[in-house]
Amino acid sequence: AEIVPDRVDEFIKVIEADAKGSRGEPGCLRFDVLRASDTRFFFYEAYVDAAAVDTHKAQPHFKLWSDFKASGGCTSVSVKAVPLGEWGFQ
């Protein structure tokens with residue numbers, strides 16, 4: 001995600017709450033946030049199955065992130081979801 005420069009501090013608070021909440025979900029295997037530059041961030045998320053992703057998207061901490069995006073806090077967001085099946089996680 002590319003974050004509007006003057007909203008980076010707000011974003012960090014939002015994504016910290018989302019990451020911590022997500023890591024507590026039973027179906028979440030991994031939720032990492034990587035900072036590539038002052039305003040560019042990458043997320044790496046892994047869930048046990050599609051139902052776990054649906055549960056994740058229904059959580060209050062996910063809504064913080066959704067609301068941030070909807071408010072114009074990001075200049076761009078790209079999402080790539082690739083289910084790998086049972087063999088994909090060790």
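Colleague: Which residues does Ile3 touch, leaving out those up to four places away in sequence?

Modeller: This is a predicted model, and contact here means heavy atoms within 4.5 Å. By that test, Ile3 touches Val8, Phe11, Thr39, Phe41, Phe68, Gly73 and Cys74.

Colleague: Which residues touch the most other members of the largest nonpolar core?

Modeller: General idea to begin with. In soluble globular proteins, nonpolar side chains tend to be buried together. In this model, the largest nonpolar core has 16 residues. Ile3, Phe11, Phe31, Trp65 and Phe68 touch the most other members. At least two core residues come from each of α1, β2 (28-35), β3 (41-47) and α3 (60-70). Helix α1 gives the largest share, five residues.

Colleague: Now His56. Is His56 buried or exposed?

Modeller: Buried means under 20% relative accessible area. His56 has 2%, so His56 is buried. His56 sits in helix α2 (residues 50-57).

Colleague: With which side chain does the side chain of His56 make a polar contact?

Modeller: With that of Tyr47, at 3.2 Å. Tyr47 is also among the residues that His56 touches, once those up to four places away in sequence are set aside.

Colleague: Where is confidence lowest, and where is confidence highest?

Modeller: Read pLDDT as the predictor's confidence in each residue. Strand β4 (residues 74-76) is lowest, with a mean of 89. Helix α1 (residues 8-23) is highest, at 97. The protein averages 90, and 88% of the residues score at least 70.

Definitions and conventions:
Residues are numbered from 1 along each chain as its sequence is written. This is a predicted model: local features need pLDDT of at least 70, side-chain atom pairs count only at pLDDT 80 or more; totals for chains, interfaces and linings use all residues. Side-chain values use heavy atoms; hydrogens and water are left out. pLDDT is the predictor's confidence in each residue, from 0 to 100. Helices (H or I, at least four residues) and strands (E, at least two) are DSSP runs, numbered from the N terminus. A nonpolar core is a set of buried Ala, Val, Leu, Ile, Met, Phe, Trp, Tyr and Cys residues joined through side-chain atoms within 4.5 Å. Buried means under 20% relative accessible area, exposed over 50%, partly exposed in between (1.4 Å probe, protein chains only). A polar contact is a pair of N or O atoms within 3.5 Å; within protein, one must be able to donate a hydrogen and the other to accept it, and residues adjacent in sequence count only if both atoms are side-chain atoms.
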